[in-house]
Amino acid sequence: MSKALCFSCLGAKLARRDEHPEDQDVGELNPTQRIVDVVKSIERRQYQLPSIQRPFVWEQEQILRLLDSIMCGYPIGAVMVWKPSSTIRCRAFLDRYNSGDRRLAELPAPAERQAHMVLDGQQRLQSLFLSFTGRYDGKRVYLKVDAPPNDGDDDLHFRFEFLTDEEATANSAYVHIGELVALEVPDIDEFVSTRLETTDADVRRRAVRVVSTFVNAFAMREALLFQEIDKKLDYNDVLEVFERVNSGGTALSKSDRLFSTRTLTLPDME
């Protein structure tokens, strides 16, 4: 069970939402950011993926575990980015993903400023972007707001699930997380009462705590850490950094590393 929230503190944080301008200069990097702001920045193409990055590989279960970790306040690691001094081939994050999809990199449009290139953290950022704004195999991420923590058969604390629109409509307790993150704190009680009007008071109070925890985790707390590498490094140096930081997690295979090297000098090989 997550710790009880201080609603007066949470409300004060909410009042400061507007202090985060949506159209920050892409050249400025805040080292700690709210997830809601990062998702908006990805949508504005302020973060993109260099051609050396392999495709998105996470399964739905890994995405749900990431969301649960954030909800619990667990650290999820830093994101490493690089702002190249010259235009390079890159690709945008996916707002729709079907298992096995692959999108090729391209040069940015002439009107676009060079974005920050994500060297480490693609899987996490892509997962968050899909969860809030897109679909994975036609499904969206919902949170069952009335579910008691630790209620499932797995070791997750909260009931995040990938559902079709029809599956979610069948139970009013499932709310798309894009709808939840837009809630203002003073509106949470009314939202829950309307959504769960036929349930008893104890269930509604539990749902208010779950929704409040969600809003705090994804719209209030600066849960994402960013590390920017030296802009003076050239692409070959950046490739070395890329290989080293990707030696953990789902490690790059020898063919992945060979592909990354070749795309530096032969972009059409992608």
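Q: Is Gln122 buried or exposed?
A: This is a predicted model, where local features need pLDDT of at least 70, side-chain atom pairs count only at pLDDT 80 or more, and totals for chains, interfaces and linings use all residues. Residues are numbered from 1 along each chain as its sequence is written, and side-chain values use heavy atoms, without hydrogens or water. Buried means under 20% relative accessible area, exposed over 50%, partly exposed in between (1.4 Å probe, protein chains only). Gln122 has a relative accessible area of 4%, so Gln122 is buried.

Q: Which residues does Gln122 touch, not counting residues up to four places away in sequence?
A: Gln122 lies in helix α4, residues 122–133 (helices are DSSP runs of H or I, at least four residues, numbered from the N terminus). Contact means heavy atoms within 4.5 Å. Arg54 is 68 residues away in sequence, yet 9.2 Å away C-alpha to C-alpha. With that sequence exclusion, Gln122 touches Leu49, Gln53, Arg54, Pro55, Phe56, Arg91 and Phe93.

Q: How is α3 oriented to α4?
A: The axes of α3 (residues 60–72) and α4 come within 10 Å and cross at roughly 90 degrees. Axes are lines fitted to C-alpha atoms, for helices over the stretch in contact, with angles from 0 to 180 degrees between N-to-C directions. Angles of 65 to 115 degrees count as roughly perpendicular, under 35 as roughly parallel, over 145 as roughly antiparallel, the rest as oblique. Therefore α3 is, relative to α4, roughly perpendicular.

Q: Which residues of α3 and α4 make the contact?
A: By class, the contact has 5 nonpolar, 2 polar and 1 charged residues (nonpolar: Ala, Val, Leu, Ile, Met, Phe, Trp, Tyr, Cys and Pro; charged: Asp, Glu, Lys and Arg; polar: the others, Gly among them). The contact is made by Ile63, Leu66, Leu67 and Ile70 of α3, and by Arg124, Ser127, Leu128 and Ser131 of α4.

Terms used: Helices (H or I, at least four residues) and strands (E, at least two) are DSSP runs, numbered from the N terminus.
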